[in-house]
Amino acid sequence: MKPRKALTIAFFVFLLGIGYLSMHSAPVLSDDNYSYHGETEWRTDFSEAEQLASEQDRPIIVYFWTTWCTYCEDYNQYVYSDPEVQAELDDFVKVAVNLDSDQGEYGRLQQRYNANYPPQHVIITPEGEQLVKISGYADREAFLDYLAEAEREYDAGDNQ
Amino acid sequence: MNVGNVLLATAFTVLLGATGILARAYLADDDRHVGYVTILTGAGAVALAGALAQLTYQFVVTDYSNAYVWNNTADYLPLLYRVTGVYAGNEGSILLWAALTVLVAFTAGVIRGFPDRHSKLVHAITFGIVTYFVGMLLLQSPFASIRTEFANAPPGYIPTSGEGLNPLLVDPYMAIHPPVMFISYALLTMPFAIGAAHFVSLFRGDGSVFAAWRGSVTRWLRVSWLFLTVAVALGGLWSYTVLGWGGIWAWDPVETAILVPWLFLTATVHAVVRYRPNDEYRILAPAMTATVFSLAIYTTSIVRSGTFRSVHSFADGGIGISFIVLMVLTSVLGVVVPLAYWFLQDDEATGSDGAWLTRDNLLHAAVLLFGLLTFVSLWGLSFPVLRAAVTGVEVSVESHYFNLWSYPLVGVALLLLGFYMDFDVEGRRRSLAGLAVFGTAAVVAAFVAPSEIWQLYPSPPTQSPIYGVLGSISVLSILPPAAYAILGVTKRALARIPAAADRGAVFKETGITAIHVGAVLLVLSLPFMYMFAGQASAIATGVASESVDTSYQDVAGTDYSVRVLDYTSNEFPQNPEPESYALSTDQVAARGPSLNGTVQAVYGTVTDVRRGPQATVIQLDGSRTWVGVIQRNETAGNFSVQTGQGLVARGRLMWNFVPNADATVLASPQAIGSPANPPEGVVPTRVQVDGVSLAVYEDGKLVTSGVAGQREYPQQGNMQVRDVLIDRGLVTDTYVIAGVSDGTASMTVKQVPLMSLLRLSLVLLVAGMSTVLVFDPEHGIQTLTASTASSTDVEPEATD
C-alpha cells in the first residue's frame, strides 16, 4: 500500500473511532425526567418538584447550568461527587435548569430568581420563596455551609 | 421602503444581474454583456457599503425608527459601543459580512478580470454568495421599521429610548473582534469559489481551474488565516477579561465555532503548499480549499440559527432557515462534489515511490492531524445537537471532551513538527534517532505525575476507560515534544536563513520560524495555564456603609492578602442632556397625532401652571404641549412647579385630550422633575456599577491595586458583567474577581500562570504570518505588486 493512502485510511479509522467513542462515553445529562450532574440526579420538571416538595415538606434546590460552563464541571468533579454533599442534598428536592433550554417554565424561573449566567443555585421553599442563593462556584465546604444555612432558614420558617 | 432597504434591493438586483451574466457566459461560453459585470458589481459594492454606512449612521444618531437600532443600542452608550451595536445582532452582522465579501469579490474581479471561462465561474460563485447574503437581508432586513416591534403604535411612532446593547459586548475587544472575523470569512469566499469551480470544471470535463489560481489561493488563504488568528485571539482575550469566569478558552459553542475553520484553514494552508497538478494533492488541496468556507458557514449556522440553543428553533426567523440552506449549498459545493470526484477517480497518480519517509508524506501526516483536530472540535459541536435531535437524550460535551481528545493529537503534531524540521536538515538517520529519543521521553513523561494536579483530568465524570487513560496522562508529556519542535524549527531556520537566495527568502524563513515557534509556545502555555491556575477567596464586610473594613483579609491557602480601600457605586446614565432622552415641545408639535397614546418623555420650560383639586396641568414653552399630573397636593413628586423652571416628564401622551392643548403628557408625580436631576421614572438607570478599590499583597508586598466589581443592567433582565482586576505579570497573572452585594465584598484571587507566554505566542503567530505574507518570493504581496497576478500563476510547478 502506498504510504499516503495508508495514512489517509488510518486517519479515517481514527476519526471514526474518536467519533464513536466520544459519543458513547459522553455523560448523559438528561433524559425525559432527570438530568445528571457528577453523581447526583436532578429533576427537570419544576412543577413536579414543587408538588413533591410541598407533599414532603422539603426545600427545593434549583441549579442553573449549561453544557459549556466550566464551573458546572467543577461542581460535577469536586462537589457533587462528594458523598457528604450527596447526603446533604438528599434533604432537598433537586431541580436542574439548563439555561440554554427554551422550555417556557425555565425562562420564568430564570427571571424570577435572576439567574442569567451559570452556575447558580437558589434554594427555595415549596412556595417559591428564596432562602439562599449561591451565585457562581462554591467549593465543597462553602457549598455545604450554604446547604446548612438553607436548612436552618427553612426550619426557622416552619416554626413561625 | 426606506433608504436602507432601497440600497439593499439595488445591491440585490445588480449583483443578481452580474451573477446571471457570468453564469450565462460560463455555461454558453459566450462573452456577451460580460463588460457590464465590473460596473454592476461596483454598483453592488457601493450600494452595500452605503447600506452599512446608513445603518452605522442610524446607530450613531440612535434613530429608533429602525427596529434593529432600537433593539441593539441606547443613547447612554458611548459612540464606540453604538457602532458595536451594528453587528450585535444577526441582521447587522450579515450586512457587515456581505459588505466585506462584495469588496473582496469586486477587488478580485478587477485584479483578475474575466479572461477565460474558469474565471467567469469563480466570480459567478463569489457574486452568487454575496447575492445570497443580500437576499437573506431582504427577507429579514436590518432596516425594518419600528412598527415591526410595535404593531399597534400609531403611524410615525418613534420611541425615545432604545433597548440597549448586550452587556457582554460592551468591551473594546468585542468592538474589534466581529469585523476582524468577518473580514476573514469574507476572504475565505475566494478560495471557496476557486476550489468549488475547480471540481465543477473537472466534472464538466473543462480541466483544472486550481493550477492557474494556486498563487492567488495561497495569498487569500494566508490573509484570512492572519485575520482569523487575530479574531480567535481577540475572542479569547475578551473572554479572559470580560466574563471573569471562563478564562481565555471555555470551549463554549461560539468559541468552538470559530476554532473549527481556524484549524482546518491551518491544515489547508499546509496542503496548498504541497499542491502539484499531477500529484495526490491535485484533489486534496483544492478540496480542502473549498471546504474551509463550508465549515465556517456550518459552524456559524449552528451558532447563529439558534440550533445550538435548541434543536426546535430551526423554524423561527428567516435568518435561521437561510443559514441552513446556505449551509447545504456550500457543503454540496465544498464537500460533496470534491468527495464525489475523489471517489470516482480511483486511478490516482502519486509522485511518491512508496518510501515512507519523505517530506511530502510527513506533511500529509500533518494535514491529517490538523484534520483530526478539526474533527474533534466539529464533532463536539455537532453530536450533542444530533443526538438530542434524534433520541431526545441530552448528552454533555464538557471541556474535557475537547481537551482530552485534542491533547494527544497536539502532542503528536509537535513531535511531527520537530521531526519534519529535523529531517529536512539532518536527513533520515539522525532525525529518526531524534524522534525516538523525544518520542520515548514524551511517553515516559506521560506516566510521571509529581502530583495529581499534573494529570490532565484524573477523575472524569464518566466511567469510560478511554477517558480514564487519557485523563491520567501527565502534562509533563508535552515538554519533550515542545522542546523537540522548537529545536527542530530553530535548527532548520539556522540552516536555511543564511542559505536563502535573497532578502525575500530570508524574511519568509524568519516568518515561518516565528509562526511555528509561536504555535509551540501556544500549546505549551495552554494546559499549564489551566491546570496550575490557583484560586482562593476572601470576604470583606461593611463595604457599603461608612465603615469600610480596610483591614488585611488573608486569602486562605495562599500567600496573598487583600485590602478593600474604598467602595464605589455609580449609576448610568448620569444626568444626561434632556435632548438625548426626551422630546422638545417643537418635536412634539412636529410629530403630531402619531404620538397619541404612546409613552413619551418631554422637556421644556414651564410657562403656566394651573392647579385643580385632582390634578395640576403645566404648560411647556408657551406651546400647546402640557403635562398633566394627577395628585392631591401641590407638589409633583419632590418637585415644586414654578413658571420659568426647566421640567422633564414622562408619561402617556394624549392628543386632543383637553381643550387648548394639542398634547397632554399624563405623568405620575414620580415621573416629573428637573432636567438637572431627572427622577428615575424619567431616565431609568441603565447600568449600576458597583466596585471596590482593592490592593492585593503577596507576603505583605503590594502586587496590584485597582477596582473590581460588577455592572448590573436593570433594564436588561438584571444581567451582570464582572469587572475584573488583572495584574499582568511576567510569569503569572494575578486576577481578582469581586462581587459586591449587601455590603459584603466577596473576592476571589486567581493566579493564572504563563499568560505572558500565551501573549507572546499570539504576537509571534501574527507577526510571522504578516512577514510571510508580505515577503514570500513566490506568493507574497511583493510579488503580486511587482508583476501581474496572472503571470505569477502561470507555472505553478516551477515554484515551491
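Reader: Which residues does Asp360(B) touch, leaving aside those up to four places away in sequence?

Author: In this predicted model, Asp360(B) touches Arg4(A), Arg274(B), Arg276(B) and Asp279(B). Asp360(B) lies in helix H12 of chain B.

Reader: What makes the pairing of the side chains of Asp360(B) and Arg274(B) a polar contact?

Author: The distance given for this side-chain pair is 2.8 Å. A polar contact requires N or O atoms within 3.5 Å, one able to donate a hydrogen and the other to accept it. The pair of Asp360(B) and Arg274(B) therefore counts as a polar contact.

Reader: How do you know whether His364(B) is buried or exposed?

Author: His364(B) has a relative accessible area of 1%. The limit for buried is under 20%, so His364(B) is buried. His364(B) is also found in helix H12, which covers residues 359–391 of chain B.

Reader: What surrounds His364(B), and which side chain does it join in a polar contact?

Author: Apart from residues up to four places away in sequence, His364(B) touches Arg4(A), Leu7(A), Thr8(A), Tyr281(B) and Leu284(B). With the side chain of Tyr281(B), the side chain of His364(B) makes a polar contact of 2.7 Å.

Reader: Why is Ala767(B) called partly exposed?

Author: Its relative accessible area is 38%. Buried requires under 20% and exposed over 50%, and partly exposed is in between; Ala767(B) is therefore partly exposed. This residue belongs to helix H19 (residues 755–775) of chain B. Ala767(B) and Ala514(B) are 253 residues apart in sequence, yet their C-alpha atoms are 7.5 Å apart in space.

Reader: What makes Asp699(B) count as buried or exposed?

Author: Asp699(B) has a relative accessibility of 62%. Exposed means over 50%, so Asp699(B) counts as exposed. Asp699(B) sits in the loop between strand S10 (687–698) and strand S11 (701–713) of chain B, and has a positive phi of about 50 degrees although it is not a glycine.

Reader: How do you know whether chain B is as compact as a globular protein of its length?

Author: The secondary structure of chain B comprises 21 helices and 15 strands. The radius of gyration of chain B is 31 Å, close to the 28 Å that the globule rule gives for 800 residues, so chain B is as compact as a globular protein of that length. Buried residues make up 57% of the 800 residues.

Reader: How many cavities of 30 Å³ or more does the structure hold, and what lines the second largest cavity?

Author: There are four cavities of 30 Å³ or more. Eleven residues line the second largest cavity, and the closest to its centre are Trp65(A), Thr66(A), Cys72(A), Asn76(A) and Glu398(B). The volume of this second largest cavity is about 50 Å³. Its lining divides into four nonpolar, five polar and two charged residues.

How values were computed: Residues are numbered from 1 along each chain as its sequence is written. Chains are lettered from A and ligands numbered from 1 in the order in which they are written. This is a predicted model: local features need pLDDT of at least 70, side-chain atom pairs count only at pLDDT 80 or more; totals for chains, interfaces and linings use all residues. Side-chain values use heavy atoms; hydrogens and water are left out. On a 1 Å grid over the protein atoms alone, a cavity is a set of points where a 1.4 Å probe fits but cannot get out, and a pocket is an open set with protein on both sides within 12 Å along at least five of seven lines; lining residues have an atom within 4 Å of a point. Grid points are joined across faces, edges and corners, and a volume is the space filled by probe spheres set on the points. Ala, Val, Leu, Ile, Met, Phe, Trp, Tyr, Cys and Pro count as nonpolar, Asp, Glu, Lys and Arg as charged, and the others, Gly among them, as polar. Helices (H or I, at least four residues) and strands (E, at least two) are DSSP runs, numbered from the N terminus. Buried means under 20% relative accessible area, exposed over 50%, partly exposed in between (1.4 Å probe, protein chains only). Contact means heavy atoms within 4.5 Å. The radius of gyration is taken over C-alpha atoms; the globule rule is 2.2 Å times the number of residues to the power 0.38.
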